[in-house]
Amino acid sequence: MFKVLRRWWKYLTAKMGSSFNERADPKVQLEQAIMEAQEQHRRLVEQAANVIANQKQTELRLNRAMEELEKVNGSARQAVMMADEATRGGDTAKATEYTSAAEAFANRLIAVEKEVENLKALQLQSTEAANQAKSAVTQNSSALQQKLSERQKLLSQLDQAKMQEQMNRAMATLSEAVGQDVPTLDEVRDKIEARYAKALGTSELQGQSVERRMLEVEQATMTSEAQARLAEIRSSLGLAAPTAAAPAPSEVEAEAGGSETPAP
């Protein structure tokens, strides 16, 4: 039962993770990755600073130990010389005291020498660790700068991808149906062309219909009656009927030239 629950939990976790990755904004995820890289670099710099600080402290301790070593060595030499002078002067008590002091300085000298040796070894290790820390910070800083440059490139590509997707959706609406309430351009064009063709066909049929010819005859009859009435009015007024306008000379010449037949 426990195994089944664990497998089911892993399945749900994987499914939620997959769904989250599909819906997550790549721009936000990119910023999260950059922020995490910057945080890691900050922690690395802090650790490197601690390592370098340890190396500096070891160096200071070594310098102090070296100074103490030189001082203790000088004191031991001085105690030995003073004990020797007291011995030559026959002052046994002072010679004994100076000899004891020289032995104490000698013991201190041995302890300081050991401390100096340990500090030298520690100094070498801390120096190597500090150099490695500096190198790690330098490399990580270079990697971080590369990631920052890559972020600008990825953001530009993301904007281009969004623009291209928007263009693809816009172009799709011109050739594919996007919904029941939104016709496509092809559908609207076909509808307009069908109405235009139907209007042309109807007009052509009306131009050839009997009713249209009858209307033309009635119009001609009305025009003839109007001309006859105008002739009666002119006659009652004693006016002569208007004559047709004389043709222009060029027209007369053209007609005369057209009527001539070429000589055989």
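**Notes on the predicted model**

1. Lysine 120 lies in helix α3, which spans residues 92-175; helices here are DSSP runs of H or I with at least four residues, numbered from the N terminus. This is a predicted model, in which local features need pLDDT of at least 70 and side-chain atom pairs count only at pLDDT 80 or more, while totals for chains, interfaces and linings use all residues. Residues are numbered from 1 along each chain as its sequence is written, and side-chain values use heavy atoms, with hydrogens and water left out.

2. Lysine 120 has a relative accessible area of 36% and is therefore partly exposed (buried is under 20%, exposed over 50%, partly exposed in between, with a 1.4 Å probe and protein chains only).

3. Leaving aside residues up to four places away in sequence, lysine 120 touches Leu62 and Met66 (contact: heavy atoms within 4.5 Å). The C-alpha atoms of lysine 120 and threonine 58 are 8.6 Å apart, although 62 residues separate the two along the chain.

4. Leucine 237 is in the loop between α5 (210-236) and α6 (249-259). Its relative accessibility is 58%, so leucine 237 counts as exposed.

Notes:
Helices (H or I, at least four residues) and strands (E, at least two) are DSSP runs, numbered from the N terminus.
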